[in-house]
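Keep the structure open as you read.

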Amino acid sequence: MSALRIPRRTLVLLLAASGTLALLQLSGLAFWQGLAINFAIFIILVQALNMASGFTGVFSLGHIGFMAIGAYTSAILTLPLATKSEYLPNLPGWLAGIHLDVAVGPLPVGFFAATLVAGLVAMVVAGLVGAVLMRLSGHFVAVATLGFLVIVRVVLFNADDITRGSRTFSNVTPYTNLWWAWGWAVIAIYVAWRVKFSGLGRAMFAQKADRWAARSIGISILRPRLIAFVAGAFLSAIAGSLYAHFITSFSPTVFYFDLTFRVITMLVVGGMGSVSGAVIGTALVLALAEALRRIEGATLLYGLGGILLAVFFIAVIIFRPSGIMGQREVDLDRVLGWRPRWRRGRPDAEPSRRG
Amino acid sequence: MDVYVIQQIVNALSAGSLYALMAVGLALIFGILRLINFAHGDVMMVAAYLAAFSLFAGLPLPVALGIMVGGTVLIGLAIERIAYRPIRGGPEVAMLLTSFAVGQILQNGTLLLTRLASQPIQIAFPTPDVLQGVVAIGRVTIPKVNVVGFGSGMVILVGVMLFLTRTRTGLSMHAAADDLPAAQLVGIRINRVVAAAFALSAALASVAGLLYASQAGQINPYLGFTPVLKAFIAAVIGGFGSIPGAVVGAYALGFLEVIPTALGGIADILPVGAVSPEIDDLLRTIFPSALGSYRDAIVFLFLILMLLFRPNGILGGGAREDVP
């Protein structure tokens with residue numbers, strides 16, 4: 001594990017991505033900008049679930065609950081003082097005084113801080129919940145985490161003083177732009193990638209493949225599961241914060257089963273356990289959902305999109321159960337036609353992926 | 001005070017019957033296939049719509065009920081044949097996810113059809129007259145639907161028990177649930193048994209759908225989600241896969257659900273001066289009247305605790321096969 005060393009081709013890719021974003025920003029195409037931000041937020045959510053479930057095999061249906069925690073935490077933290085006292089008059093004193101709406105020049109550092117705090121809050125909750133739930137396996141853990149999602153929803157609906165209950169939470173400052181969303185998305189992809197090819201990541205995959213074999217060679221089960229669960233919660237909360245400051249008004253109903261199912265579809269289609277697959281699955285399902293939404297709008301057959309997406313999902317599970325990528329990764333060098341010098345003349349050699 | 005207690009007990013029993021009808025359907029299928037059929041709630045929702053549209057069409061009640069049960073059974077069979085059979089024996093989570101997708105199809109399909117029929121998303125349920133009104137026993141008034149729900153639930157459940165223990169098909173289901181390959185080896189036709197289990201579970205869900213819709217008074221395509229979760233909890237309480245356990249668990253859940261509401265209101269129903277102000281304050285602090293609105297959260301917390309400490313149900317042992 002060397003220190004942070006960015007290979008030249010990664011740098012080129014990042015620059016190309018930044019160039020694309022800058023072009024999109026300048027183009028003023030509001031629809032495509034919105035779609036790109038949505039894409040980034042979904043990438044973060046899917047990578048979060050990928051770590052928590054794809055890497056470890058512990059199926060979590062609760063990560064949208066962490067997204068909700070992140071969205072509400074950061075939305076409350078960034079409310080300006082004037083709005084806050086009027087909008088949430090019964091907020092507990094210690095919370096009412098905080099207003100992370102400061103900016104240094106053009107940079108809203110308050111938003112960044114609030115997003116981090118949101119992530120940390122979700123991590124603490126995930127640590128507590130995960131320490132208990134990660135002992136379960138199979139569909140029992142899926143249902144237990146679904147229980148967590150329901151609990152979060154009930155609490156959000158009832159904690160009127162803090163969340164406004166079932167009323168819409170609006171007045172959120174629209175901080176999220178292309179740069180914030182994609183900056184965090186790149187971080188999410190990078191983190192997932194580094195974890196996957198680290199010793200910790202291999203422990204996650206090992207206990208997924210065979211619990212008893214992993215135990216017998218001294219790999220603990222609980223620790224990698226818990227770390228993955230907590231890391232996924234952090235990223236989900238980040239996505240929640242970005243979402244809150246993108247959509248600017250929301251209610252607890254958003255963070256429920258439909259969104260959970262959408263994120264799962266993206267992950268399963270892409271391949272559980274594949275970092276690049278998660279991005280591909282997100283892009284594919286997002287494009288499909290958007291196209292179907294257009295068709296629904298044109299034909300007025302609302303519901304058709306949901307049916308076709310679910311049929312597509314079942315077809316993937318029946319005919320390609322490991323998704324597009326399985327646990328493999330896209331070989332970027334090959335896709336882009338780049339070939340490092342050491343591999344010239346050995347076209348079929350497996351690339352070595354050190355952490 | 002007495003009236004309050006009796007009413008809460010009746011509420012618990014009637015909710016318990018509804019959950020039992022659902023939980024038995026879940027347990028039947030889980031026992032044989034190890035599949036948590038989350039689409040079960042949506043099957044129940046479809047039954048409510050079938051009943052509603054039949055009644056809207058002016059059909060007499062028995063015909064409408066026939067269409068409801070028959071249509072739901074057909075849908076249950078179709079789901080099994082198209083979606084679940086290809087992945088039978090696959091990973092647990094793949095089956096669970098498929099059932100979610102099936103649920104989405106049923107929800108969106110219902111949404112689409114109600115749109116095509118130019119109906120709003122939320123429609124008032126044409127509750128049959130036999131289920132309307134209240135029954136008064138002394139000072140206690142009980143909604144008729146709760147009485148009928150409890151009674152019919154009991155009758156149907158006894159019928160199911162007899163079916164499962166006295167008929168060839170029922171015993172085949174038992175055998176398949178015990179050991180699927182062995183059952184196959186002794187010549188039990190698994191496809192037929194599984195189809196029968198889905199048909200029976202859909203029929204039970206259709207009755208639950210009618211009761212639920214009559215209680216709620218209105219229906220929408222998403223109403224199945226909470227009942228199926230509750231039924232799942234009931235099945236877990238009773239030890240998943242056990243049919244009698246599911247029934248016991250369902251009534252236990254019915255009572256469990258009433259407790260937060262009942263405790264939340266406890267300080268209000270005590271006669272003034274019955275307890276000292278300190279105790280009254282204490283009661284209001286420990287059991288705020290808002291406790292009732294946290295009911296679902298409390299119930300799910302209980303589910304998580306059950307999964308952790310008594311995964312085989314209240315009656316089963318504490319051992320868990322999947323401890324890492």
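Q: Is the crossing of H2(B) and H9(B) left-handed or right-handed?
A: This is a predicted model, in which local features need pLDDT of at least 70, side-chain atom pairs count only at pLDDT 80 or more, and totals for chains, interfaces and linings use all residues. Residues are numbered from 1 along each chain as its sequence is written, while chains are lettered from A and ligands numbered from 1 in the order in which they are written. A crossing is left-handed if the near helix is turned anticlockwise from the far one by less than a right angle, and right-handed if clockwise. For H2(B) and H9(B), the crossing is right-handed.

Q: Are H2(B) and H9(B) antiparallel or oblique?
A: Helix H2 of chain B covers residues 40–56, helix H9 of chain B covers residues 225–237, and their axes come within 7 Å and cross at roughly 130 degrees. Axes are lines fitted to C-alpha atoms, for helices over the stretch in contact, and angles run from 0 to 180 degrees between N-to-C directions. Angles under 35 degrees count as roughly parallel, over 145 as roughly antiparallel, 65 to 115 as roughly perpendicular and the rest as oblique. H2(B) is therefore, relative to H9(B), oblique.

Q: Which residues in H9(B) meet H2(B)?
A: Helices (H or I, at least four residues) and strands (E, at least two) are DSSP runs, numbered from the N terminus. Two residues are in contact if their C-beta atoms, placed from the backbone, lie within 7 Å. From H2(B) come His40(B), Gly41(B) and Met44(B), and they meet, in H9(B), Phe225(B), Pro227(B) and Val228(B).

Q: How many residues of the contact of H2(B) with H9(B) are nonpolar?
A: Ala, Val, Leu, Ile, Met, Phe, Trp, Tyr, Cys and Pro count as nonpolar, Asp, Glu, Lys and Arg as charged, and the others, Gly among them, as polar. In the contact of H2(B) with H9(B), no residues are charged and 2 are polar. The nonpolar residues number 4.

Q: How do H2(A) and H12(A) run: parallel or antiparallel?
A: The axes of H2(A) and H12(A) come within 8 Å. They cross at roughly 165 degrees, and the crossing is left-handed. H2(A) and H12(A) are therefore roughly antiparallel.

Q: How many residues of the contact of H2(A) with H12(A) are polar?
A: H2(A) brings residues including Ile37(A), Ile41(A) and Gln47(A), and H12(A) brings residues including Phe229(A), Ser236(A) and Phe246(A). The contact has 18 nonpolar residues and no charged ones. Its polar residues number 3.

Q: Which helix gives the largest share of the side of domain 1 of chain A that touches domain 2 of chain A?
A: Chain A is divided into domain 1 (40–255) and domain 2 (256–336), with bounds from an automatic or database domain assignment. In the contact, 21 residues of domain 1 of chain A meet 15 residues of domain 2 of chain A. Helices H2, H7 and H9 of chain A each supply at least two residues of the domain 1 side. The largest share, 10 residues, comes from H2(A).

Q: Which helix gives the largest share of the side of chain A that touches chain B?
A: Across the interface, 37 residues of chain A are in contact with 38 residues of chain B. H7, H13 and H15 of chain A each supply at least two residues of the chain A side. By class, that side has 28 nonpolar, 7 polar and 2 charged residues. The largest share, 12 residues, comes from H7(A).

Q: Do H7(A) and H13(B) run parallel or antiparallel?
A: H7(A) and helix H13 (residues 295–309) of chain B pack with their axes 9 Å apart. Their angle is about 155 degrees. H7(A) and H13(B) are therefore roughly antiparallel.

Q: Where in chain B is the pLDDT below 50?
A: The mean pLDDT of chain B is 85, and 91% of its residues reach 70 or more. Where pLDDT is low, the predicted coordinates should not be read in detail. In chain B, the pLDDT is below 50 over residues 317–324.

Methods: pLDDT = per-residue confidence, 0-100.
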